[in-house]
Amino acid sequence: MQILVINCGSSSLKYQVVDSTSGASASRGRIERIGDGRTHVDALGEVLAAVADFSIDGVGHRVVHGGERFRQAHRIDDQVITDLEALVPLAPLHNPANIAGIRAARDAF
């Protein structure tokens, strides 16, 4: 399976396509200057264009601070997003960007 891993920062988006069996990276990149007329949705559109030749089976997100509840991987649903929004004060520069990336990916996939 090929997993698109996304790390949305406050002003950049890093991505990597990883083979979940071998751990090998098939593609990686970075989109800069988000917030300078470019949104996380725009950046994710650029990522999707860059990885269009890959068959993406899933998406993983790096979230800076998950508080006490999120100490390991979780399937993201509406409740997880609500819970992450409540944790924004723990990482006010990063968690909003992480949530924006999650929403953009959910819309895209």
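Reply: Let's start with the largest nonpolar core, which has 16 residues. A nonpolar core here is a set of buried Ala, Val, Leu, Ile, Met, Phe, Trp, Tyr and Cys residues joined through side-chain atoms within 4.5 Å. Buried means under 20% relative accessible area, exposed means over 50%, and partly exposed is in between (1.4 Å probe, protein chains only). The residues with the most contacts inside this core are Leu 4, Ile 6, Leu 13, Tyr 15, Leu 44 and Val 47. Strands S1 (2-8) and S2 (13-19) and helices H1 (40-50) and H3 (95-108) each give two or more residues to the core. Helices (H or I, at least four residues) and strands (E, at least two) are DSSP runs, numbered from the N terminus.

Before going on, a word on the model: it is predicted, so local features need pLDDT of at least 70 and side-chain atom pairs count only at pLDDT 80 or more, while totals for chains, interfaces and linings use all residues. Residues are numbered from 1 along each chain as its sequence is written, and side-chain values use heavy atoms, with hydrogens and water left out.

Now zoom in on Leu 4. Leaving aside neighbours within four places in sequence, Leu 4 is in contact (heavy atoms within 4.5 Å) with residues including Tyr 15, Val 17, Val 47, Leu 48, Ile 56 and Phe 109. There's also a second, separate core of seven residues, and Phe 70, Ile 81, Leu 87 and Ile 102 are among them. In soluble globular proteins, nonpolar side chains tend to be buried together.

Ile 81 takes us to helix H2 (residues 78-86), where Val 80, Ile 81 and Leu 84 are buried. Seen down the axis of H2, the buried residues fall within an arc of 100° (taken from the directions from the helix axis to the C-beta atoms), so they line one face of the helix. Those buried residues pack against H3. On the other side of H2, Asp 78 and Ala 86 are exposed. At the N-terminal end, Asp 77 caps H2, with a side-chain oxygen 3.1 Å from the backbone nitrogen of Gln 79.

Finally, step back to the whole chain. It has three helices and four strands, running β-β-β-α-β-α-α from the N terminus on. Of its 109 residues, 34% count as buried.

Conventions: Polar contact = N/O pair within 3.5 Å; in protein donor to acceptor, adjacent residues only side chain to side chain.
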